[in-house]
Amino acid sequence: MTATGQHPQRHPASSPAWPTSVHLSQRRRAGWRRRSRWALLARWHAETLDRALAAGAGPYAGALIAVRAQQLTTARSRRRLAAGLARVRRDAVEELSGFTAVVAPDRHEVAAATPEIAALEGRLRDGQRVEAAGLAMLRLLLTDGESPLYDPVGAGSLARHLRAVVGALGAHGR
């Protein structure tokens, strides 16, 4: 009770019944919002940032590129890229039926690059450290309809591109 005879009003956030994780300082909340904003911007500009990373811009080139590099190197992103490679192998074998918006991978290139695809898939799933540049190159390969996966410029171009991706991922077992 206060001097006026009334019970003090307690704010729910100051109540001991609330878990301590609810008690975020203003600074921590502002930091979380800022990080969330950067993450959203990096996803929004993913293609441009991936092209910059694939061209050799390192995470040191700017905050937004650093955030994108971090997003690409997460275990979740690696699993998605590995699943994309598995889907490419499956789609190259199966006949797409009916009208679809899916661009089919070039069957001959995928068949010729099957060993590289399998090795790259295993590399993504092995949990070893990888460089964001290689992951950016792979993501662009999978999502760009003009990449050697869908529109090869010559026999063996997909396999050459995949070997470049493996090289950009970095040394295995670092």
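Hi everyone, let's start with Arg 90, which is partly exposed at a relative accessible area of 41%. For that term, buried means under 20% relative accessible area, exposed means over 50%, and partly exposed is in between, with a 1.4 Å probe and protein chains only.

A word on the source: this is a predicted model, where local features need pLDDT of at least 70 and side-chain atom pairs count only at pLDDT 80 or more, while totals for chains, interfaces and linings use all residues. Residues are numbered from 1 along each chain as its sequence is written, and side-chain values use heavy atoms, with hydrogens and water left out.

Back to Arg 90. Its side chain meets that of Asp 91 in a salt bridge, at 3.9 Å from N to O. By salt bridge I mean a side-chain nitrogen of Lys or Arg within 4 Å of a carboxyl oxygen of Asp or Glu. Asp 91 is buried, with a relative accessible area of 16%. Elsewhere, salt bridges with shared partners join Glu 47, Arg 51 and Asp 144 into one network.

How many salt bridges does a search of the whole structure find? The search gives 11.

Arg 51 and Glu 47 form a salt bridge through their side chains, at 2.9 Å from N to O. Both lie in helix H2, residues 46-54, and they are four residues apart, about one turn of the helix. Helices here are DSSP runs (H or I, at least four residues), as strands are (E, at least two), numbered from the N terminus. Arg 51 is partly exposed at 37%, and Glu 47 is partly exposed too, at 45% relative accessibility.

Next, which residue forms a salt bridge with Glu 121? That partner is Arg 89, with the closest N and O atoms 3.0 Å apart. Glu 121 sits in helix H6 (residues 114-125) and Arg 89 in helix H4 (residues 75-93), so this pair ties together parts 32 residues apart in sequence. Glu 121 is buried at 9% relative accessibility, whereas Arg 89 is partly exposed at 30%.

Last stop: Arg 68, in helix H3, residues 63-72. Is Arg 68 buried or exposed? Arg 68 is buried, with a relative accessible area of 5%. Its side chain makes a polar contact with the side chain of Asp 50 at 2.9 Å. A polar contact is a pair of N or O atoms within 3.5 Å; within protein, one must be able to donate a hydrogen and the other to accept it, and residues adjacent in sequence count only if both atoms are side-chain atoms.
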